[in-house]
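Please read the points beside the sequence and the coordinates.

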Amino acid sequence: MNHILVLLPNWLGDAVMCTPALRALHRRFPAARITVAGRNVACAALRGLPYLSGEIALPAKPGILRMMALSTRLHRAGADLTVVFPHSFRAALLAYIARSRQRLGYDRGGRRRLLTDALEPHKSGDAIQPIYMAREYLELVAHLGCKDDEKGLELRAEPEAAAAIRTRLEGDGPLVGLAPGAAFGPSKRWLPERYAQVADRLHDALGARCVLLTGPDEEDTREAVVAATHTGFRVADGGHPTIDTVKATISQLDLLICNDSGTRHVAIAFGVPVLCIMGPTSPDYSTGPYERGEVLRVQVPCGPCQKTVCETDHRCMTKITASQVFEAASRLLGA
């Protein structure tokens, strides 16, 4: 086994959760060149991991002509094996177009004929059962004889970016990141004004240095939080966030307060305690054994709905108060 291609999940958090499986692949095939392919955000998140040999950026939902244009490059990267982590038909089709001798993925969405090795997903009857995504990825590569080292999620921060951000954020008091966004959709986002209230209380009560972390297309969320706070935030990235600055910033935090989003898993990978405010999604997908911190969640009759936009009154998030989050954050900070 000399050339292994891994098709990465689309979401940032899922990409981070596949790192134990990538590490297991490297231990099983230490001489192989492992190339990852996926969206820019996924590739950038994993950049710097020593067992990855290269990356191929893929457009979102590429059409057949774009796939064919990529076929030669994908074949060179994955001539021996392509591991398909995403569940989509398109991902399996990419592996097929790459002409890999072995194509491994889960048997979902009518993909069986595109894969040489199609594993059954976890089911109860005919229904797919949610499991922790890192476990799902590990079980997929276990088919190849790969074993988990039980070291958990892993990322590397670019040293120069980390040094620059460390200088910008130096000072007294605990360093707390607040990440009010969620690429999944608005249903996952706790109220911006409540993030602001928590930041104000942490600053006033504990002298916390609060850093606001937002990503692309989250300008409205960022502005809403900033407008509602009276103490303000430390600026780590000059107002131009990248995956490198996000990783470098999170790696230095004492605590991250966030929704059930990609930043949660970035923090877990760096061993940073997380206070996760969870609403419409099932914790079975994202809650694993590597996390330090707490998950705040209320049981509601309509949840977990897994919908990107709430169709009622967003009660799964509005019932979580700023006081509850402040008190949990204080506990985690040892105050």
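1. The model is predicted: local features need pLDDT of at least 70, side-chain atom pairs count only at pLDDT 80 or more, and totals for chains, interfaces and linings use all residues. Residues are numbered from 1 along each chain as its sequence is written, and side-chain values use heavy atoms, with hydrogens and water left out.

2. The protein chain has 14 helices and 13 strands, these being DSSP runs numbered from the N terminus (helices H or I, at least four residues; strands E, at least two). Its radius of gyration is 20 Å, close to the 20 Å that the globule rule gives for 335 residues, so the chain is as compact as a globular protein of that length. The radius is taken over C-alpha atoms, and the rule is 2.2 Å times the number of residues to the power 0.38. Along the principal axes, the C-alpha atoms fill a box of roughly 60 × 50 × 40 Å.

3. Of the 335 residues, 52% count as buried (under 20% relative accessible area, with a 1.4 Å probe and protein chains only). Among contacts (heavy atoms within 4.5 Å) with a separation of 6 or more, 65% join residues 24 or more positions apart.

4. Helix α10 (residues 243–250) is largely enclosed by the rest of the structure, because seven of its eight residues are buried. The buried residues include Lys 247, together with Ile 243 and Ile 250. Their cover includes α1 (12–17), α3 (40–46), α7 (159–169), β10 (209–212) and α11 (262–269).

5. The structure holds zero disulfides (pairs of cysteine sulfur atoms within 2.5 Å). For Cys 146, the nearest cysteine sulfur is that of Cys 18, 13 Å away; Cys 146 is buried, at 6% relative accessibility.

6. Of its 14 lining residues, Cys 302, Cys 305, Cys 310, Glu 311 and Thr 312 are the closest to its centre. By class, the lining has seven nonpolar, four polar and three charged residues. A pocket here is an open set of points on a 1 Å grid over the protein atoms alone where a 1.4 Å probe fits, with protein on both sides within 12 Å along at least five of seven lines; lining residues have an atom within 4 Å of a point.

How values were computed:
Ala, Val, Leu, Ile, Met, Phe, Trp, Tyr, Cys and Pro count as nonpolar, Asp, Glu, Lys and Arg as charged, and the others, Gly among them, as polar. Buried means under 20% relative accessible area, exposed over 50%, partly exposed in between (1.4 Å probe, protein chains only).
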